[in-house]
Amino acid sequence: VEDRILKMRRLFERFLPTRGNDGRSKDSKVVVGIAAMDKKAKSKQMNQILHRLKAYGEFDIIIYGDETILHKPIEEWPLCDCLLSWHSDGFPLEKAQEYAKLRGPFCVNDLPQQHSLLDRTQVYRTLVAHHIPVPKHIIVERNGLQAGEDPEGFIETEDYVELNGIRINKPFVEKPEYAEDHNIHIYYPHSMGGGVKRLFRKVNDKSSHYDSQHSGAVRRDGNYIYEEFLATGGTDVKVYTVGPRYAHAEARKSPVVDGKVLRTADGKEMRFPVLLTPQEKEVARQVVMAFNQNVCGFDLLRSEKGKSFVCDVNGWSFVKNSKRYYDDSAGILRSMILGAVAPQHLAAMPTPNVTFSSINPSVHKQSQSHLYGLEQDDAALLMDADEPDEGLEGELASCIDDAEIARTDQRSENDELRCVLAVIRHGDRTPKQKLKLHTTAEPLLSLFQKYKDAKGKQAKLKSPGQLQELLNITRQLLHSWERPQEETLQARPSAQHHDPKRGNVSSQDVSANNATSNAAAAAAAAAAAG
Ligand SMILES: Nc1ncnc2c1ncn2[C@@H]1O[C@H](COP(=O)(O)OP(=O)(O)OP(=O)(O)O)[C@@H](O)[C@H]1O
Ligand SMILES: [Mg+2]
């Protein structure tokens, strides 16, 4: 009920000239509170995005800091209109939840649902409930059982595990319930040499280790998910959403391959550009909605069978080292926040004149078009490195005249692209049926003389009457060639009537006038046959 009241309050505040609760004027800044552990709230990526958000001039940004979050009562936490708050190691999630309940700010990422992100079984259940594709799996829970005891309906054999009749064959993946436990095991069947591959959090350049001596028996010290191992060709797709209609994606080598982390020359984990398919974009939207996390990272497995499955939802996370992504994220967050807490700002100032000092104007212009929640998956085309877009920007900049950029900037200062209208036609047009032939036939030459153009070089016959004339002549010619003895008979004018507009038209063909193209085709075909 309280939640609903808060939502109603936010909804109706939009129609009031001021925020009401604190009497702020329409022109005052929107306060964005950041309640996350310093390590995350002050991370490089967060700095990049906040720097851009601040540059709009519409926001006051307050980072609460570990001291306040951990040690001060929620009543002493600063007030805000919009809260960016997310869980990480050591974060008091319940306390933040209480704070959000007390103050009722607009939360970019829902706090209560962040509990479920800590539990892989809840993540999978939520995904299934929202019809989001996940690998075939069983959830084996041992709550209330003795150590090592199996739940009813659970069977383990050398080749598979089964729960209540649902069987998962080896190779399968075993995932601990607690999402922060990254000790995931993969069990291989005898046919693949048996043994177990253990995945773990990266240690230097290693992310997994294969144990050929492992008995193959599954762990029994807690709750686990068992899921079919999906062949993906050795890559994971990491997706990063900002709102339901924006997703940046990049691929990385799966730790399952050989456990060796691929790095670029400067030591960063290698990532590859990815374009999401329509199915994957829809999955991204569904994940955002299902977990109520606008800023959300999740993993996709592109099965070699052609479909993609979600195997992990991480909640709040940002792409590393992509200026383009930072620009887009800041723009989308601005629209999202203003839309929720101060739509009058959004309406009054649709395109604030922001200059991101470090951003090439051409790239900046590009990013401005993203402020209205447009789908921006093409961001995923960028290959990110330490200063990733520099090369691209440099290339772009070298092809664009600075003066032209300035002129475009000036022209578009007051303009806003609201829509693009396009008229699109298919390209599968039947080619013209052409035939070249020499003729000395008098009727054809007369026809040419009759309709030749001013230069006397060509005659274009297009009207129904002209085409009918051509058809008549062609038929006559064919007839006379096939049956020379009847030639004189056929040529008699009594078989025709005269139409001054159309020339000679045989009575049987008058009704064919509306089928001129057919007539023309028939004439051409007849000429071809001749
Ligand atoms: N069903 C599966 N089939 C094939 N590979 C899988 C499957 N599930 C997971 N993997 C591989 O194992 C990796 C780790 O799995 P997952 O992302 O679920 O664990 P995690 O430890 O929570 O990861 P993260 O580091 O993203 O939090 C995946 O990136 C993927 O390469
Ligand atoms: Mg993962």
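A strand, as the word is used in these legends, is a DSSP run of E of at least two residues, numbered from the N terminus. The model shown is predicted.

View 1. Strand β15 spans residues 247-253, and R252 is part of it. R252 has a relative accessibility of 16%. Buried means under 20%, so R252 counts as buried. Its side chain is joined to that of Y240 by a polar contact of 3.1 Å.

View 2. E162 belongs to β7, which covers residues 160-163. Is E162 buried or exposed? E162 is buried, because its relative accessibility is 11% and the cut-off for burial is under 20%. The partner of the E162 side chain is the side chain of R167, in a polar contact at 2.8 Å.

**View 3. Polar atoms facing ligand 1.** A nitrogen atom of ligand 1 lies 2.8 Å from a backbone N or O atom of L230. An oxygen atom of ligand 1 lies 3.4 Å from a polar side-chain atom of K238. For D299, an N or O atom of the side chain is 3.0 Å from an oxygen atom of the ligand. How much of ligand 1 does the protein bury? Taken alone, ligand 1 exposes 620 Å², and 92% of that is buried by the protein.

**View 4. The shell around ligand 1.** Which of them gives the largest share? β18 does, with 3 residues. There are 22 residues around the ligand, and H182, E227, L230, D236 and S254 come nearest. By class, the shell holds 10 nonpolar, 3 polar and 9 charged residues.

View 5. The structure has 13 aromatic pairs. One of them joins Y224 and Y226. That pair is tilted, with 6.4 Å between centres and 50° between planes. Both Y224 and Y226 are buried. Another pair, Y325 with Y326, is edge-to-face: 6.0 Å centre to centre, with planes 65° apart. Y325 has a relative accessible area of 0%, so Y325 is buried. Y326 is buried too, with a value of 4%. Y325 and Y326 also sit in one aromatic cluster with W86, Y246, W316 and F318.

**View 6. Arginine charges over rings.** Two cases are shown. The charged end of R142 sits over the ring of F154, at 5.7 Å from the ring centre. The ring of Y56 has the charged end of R334 over it, 5.3 Å from the centre.

**View 7. Helix α7 and the residue that follows.** Helix α7 runs over residues 120-129. Which residues of α7 are buried? R120, T121, V123, Y124, T126 and L127 are. An α-helix has 3.6 residues a turn, so residues three or four places apart point the same way. Just after α7 comes H131, with a positive phi of about 60°.

Conventions: Residues are numbered from 1 along each chain as its sequence is written. Chains are lettered from A and ligands numbered from 1 in the order in which they are written. This is a predicted model: local features need pLDDT of at least 70, side-chain atom pairs count only at pLDDT 80 or more; totals for chains, interfaces and linings use all residues. Side-chain values use heavy atoms; hydrogens and water are left out. A residue is near a molecule or strand if one of its heavy atoms lies within 4 Å of it. A polar contact is a pair of N or O atoms within 3.5 Å; within protein, one must be able to donate a hydrogen and the other to accept it, and residues adjacent in sequence count only if both atoms are side-chain atoms. Accessible areas come from the Shrake-Rupley method with a 1.4 Å probe; for residues, only the protein chains shown count as cover. Helices (H or I, at least four residues) and strands (E, at least two) are DSSP runs, numbered from the N terminus. Ala, Val, Leu, Ile, Met, Phe, Trp, Tyr, Cys and Pro count as nonpolar, Asp, Glu, Lys and Arg as charged, and the others, Gly among them, as polar. Rings of Phe, Tyr and Trp (its six-membered ring) pair if their centres lie within 6.5 Å; planes under 30 degrees apart count as stacked, over 60 as edge-to-face and the rest as tilted. Buried means under 20% relative accessible area, exposed over 50%, partly exposed in between (1.4 Å probe, protein chains only). A charge sits over a ring if NZ of Lys or CZ of Arg is within 6 Å of the ring centre and within 35 degrees of the ring normal.
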